[in-house]
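Trainee: I'd like to learn how to read a structure like this. Can we go through a few residues together?

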Amino acid sequence: MNVFFRLWVAFLFAGYLFSSCQTSVDKHVKDERIQSDAGNAEIERLNQNIRSDSLNPEHFYLRSRYYLEQKDINKALSDINKAIQLNDKNSNYFVALSDIYLAMGRIPNCLESLKKAEVLDKSNNDALLKLAEVYLILKDYTNTFEYTKRALDHDLINPVAHFIRGYAYMEVGDTSLAIKNFQAAADQDQNYYEAYIELGSLYSALKDPLASGYFQTATRIEPNRTEGYYLLGLTYQEQENIPKAIETYEKLLAISPDHKEAHYNLGYVNLVFVNDFEKAAKYFTKAISLDPKYTDAYFNRGYSYELLGDYANARKDYLKALELVPNYERSITGLNRLDSAEE
């Protein structure tokens with residue numbers, strides 16, 4: 001949903017095995033690696049740079065970044081270790097090493113590398129911000145605030161630092177300071193999609209009409225991302241601005257036709273606000289086709305059928321919801337209504 005998504009995704013690559021930094025690299029293995037990468041223009045260029053100057057650590061650093069982007073963790077680790085072996089005074093190399101350790105799920109090693117980077121260059125903004133991010137993941141808010149403060153001390157125009165502080169304040173329950181920092185992030189970077197999403201979410205929780213404006217801005221910044229449209233549609237729905245809610249959900253479905261929550265919400269809007277029960281049932285059916293265990297969709301389709309007088313299908317859906325969630329109270333109530341109506 002935000003800047004931290006990439007950190008959580010990194011844990012999916014946990015479990016990679018790696019060896020410690022080698023003092024030499026077997027030439028045959030290196031040649032095989034280069035051959036296996038042939039055909040890719042970018043990696044071929046990086047390989048050629050290393051062939052031409054194998055004592056230049058920057059070449060290994062850049063290839064390591066490429067391998068990390070490709071999720072080839074072992075090669076990335078090997079190259080960054082080679083870069084550090086050639087030059088262990090470059091702060092950025094240890095930041096890169098921390099990214100690899102994070103991708104391996106090795107948080108202690110990640111922190112150790114970032115702290116080495118900080119010792120080498122106390123003003124390294126990337127190191128300070130990544131330390132803050134990792135401490136935020138660990139829910140160590142004291143260190144999160146400390147490292148974002150250090151980053152801001154070095155550079156007041158630092159939207160990511162403000163964003164991380166805003167997220168930390170949000171997690172500790174200080175909504176006012178969370179909004180202040182997210183707003184600072186958005187003011188400093190007017191294309192900061194995640195900052196507008198968080199501002200919209202906070203204002204929405206406060207039932208403040210400003211929420212829709214922030215979500216609208218997010219959709220303008222990233223018109224092909226679904227999250228902004230979904231939250232904007234939900235905000236309009238909660239404000240009972242039904243025409244705008246329907247319009248927004250339809251825009252979302254134009255981008256992502258299989259967005260089950262959009263289908264479900266359009267069903268709900270037609271059921272509760274528009275009273276078009278037949279259309280509501282169709283949207284719930286689509287949501288169920290995308291998620292056969294969508295309990296609420298079964299219940300609300302059953303309720304739509306009930307309002308249409310189709311008690312047989314209503315009963316089937318109520319029973320299906322009960323099958324998925326035993327003692328599902330709304331289905332029990334619905335079945336009781338059907339029993340009373342059929343007596």
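Predicted model: local features only at pLDDT ≥ 70, side-chain atom pairs only at ≥ 80, totals over all residues.

Trainee: Which helix does T295 lie in?

Mentor: T295 belongs to helix α18, which covers residues 295–308.

Trainee: And how do I tell whether T295 is buried or exposed?

Mentor: Look at the relative accessible area: under 20% means buried. T295 has 12% relative accessibility, so it counts as buried.

Trainee: How far is the C-alpha atom of Y67 from that of I100?

Mentor: Those two C-alpha atoms are separated by 9.9 Å, and the residues are 33 apart along the chain.

Trainee: What about a residue in a loop?

Mentor: Take N158, in the loop between α9 (141–154) and α10 (159–172). With a relative accessible area of 3%, N158 is buried.

Trainee: Which residues is N158 in contact with, beyond its neighbours in sequence?

Mentor: Setting aside those within four places, N158 is in contact with N125, L129, A151, L152 and Q188.

Trainee: Which backbone oxygen does the side chain of N158 reach?

Mentor: That of A151, at 3.3 Å. A polar contact takes a pair of N or O atoms within 3.5 Å, and the N158 side chain makes one here with the A151 backbone oxygen.

Methods:
Residues numbered from 1 in each chain as written. Heavy atoms only, no water. Helix = DSSP H or I, 4+ residues; strand = E, 2+ residues; numbered from the N terminus. Buried < 20%, exposed > 50% of the residue type's maximum accessible area, 1.4 Å probe, protein only. Polar contact = N/O pair within 3.5 Å; in protein donor to acceptor, adjacent residues only side chain to side chain. Contact = heavy atoms within 4.5 Å.
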